Amino acid sequence: MTTITDLPQGDPRLLDTDLARELLTSTEPARLAYVAPDGTPRVLPMMFHFTGEEVVFGTFGGARKIAHLRARPQVAVTIDTAGDPPRVLLLRGPVTVTDVHGVVAEYIAAHERYRSPEQAAATLAEIDHPDLVMARIGLRPTWVGLLDFVTRFPGGGTADDIVRRARQ
């Protein structure tokens, strides 16, 4: 396993660190940021599933974000904790949006992780219909960052460096 201090911010191999894996298997929501056609940013909290290569979101057909993501596929995602110290996984890259007739498999996998297999089955029973169309939004990060506020801080350096910059 790669350690958090071995790689620079931006290196996709940071996904192989313990902290990234912990956040990618957590029940913290991902916050998906994209730019709408009017040029303004949007951020949505969403459940996700990590396949080992992609962070996958499922959404229902007709959602406005589908057309927006197809028009401008570059996104940013954060998965973070509110504890002390906070732990943050930052992801950037293009998404692919694929129409799926039926339920996106990763959507159910996310429900199983966030809630329970029983709740996922209940959700599936509610939404599964022959006419159901969903969109699978897949992100293969091209840029990965990690912050743990112990060994990695925003802007690099140490905690003392951050305090020093703040006082200048």
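Me: Where is Phe 149 found?
Reply: Keep in mind that this is a predicted model. Phe 149 is in the loop that runs between β8 (143–147) and α5 (159–166).

Me: What is the phi of Phe 149?
Reply: Phe 149 has a positive phi of about 60°, although it is not a glycine. Most residues other than glycine have a negative phi.

Me: And is Phe 149 buried or partly exposed?
Reply: Partly exposed, because the relative accessible area of Phe 149 is 28%, and buried means under 20%.

Me: Other topic. Which residues does the cis peptide bond join?
Reply: Asp 84 and Pro 85, with omega at about 0°. Most peptide bonds are trans.

Me: Where does Pro 85 lie?
Reply: In the loop between β5 (74–80) and β6 (88–101).

Me: Now the strands. In what sense do β1 and β2 pair?
Reply: Antiparallel: β1 (residues 30–35) and β2 (residues 41–46) pair over 6 bridges. In this pairing, Ala 33 stands opposite Val 43 of β2.

Me: How many residues are between β1 and β2?
Reply: The two strands form a hairpin with 5 residues between them. Gly 39, in the turn, has a positive phi of about 90°.

Me: Last one, helix α2. Which of its residues are buried?
Reply: In α2 (residues 64–71), the buried residues are Lys 65, Ile 66, His 68 and Leu 69.

Me: What do the buried residues of α2 pack against?
Reply: They pack against the hairpin strands β1 and β2, and also against β4 (55–60), β5, β6 and β7 (133–139).

Technical notes
Residues are numbered from 1 along each chain as its sequence is written. This is a predicted model: local features need pLDDT of at least 70, side-chain atom pairs count only at pLDDT 80 or more; totals for chains, interfaces and linings use all residues. Side-chain values use heavy atoms; hydrogens and water are left out. Helices (H or I, at least four residues) and strands (E, at least two) are DSSP runs, numbered from the N terminus. Buried means under 20% relative accessible area, exposed over 50%, partly exposed in between (1.4 Å probe, protein chains only). Two strands pair if DSSP finds at least two bridges between them. Contact means heavy atoms within 4.5 Å.
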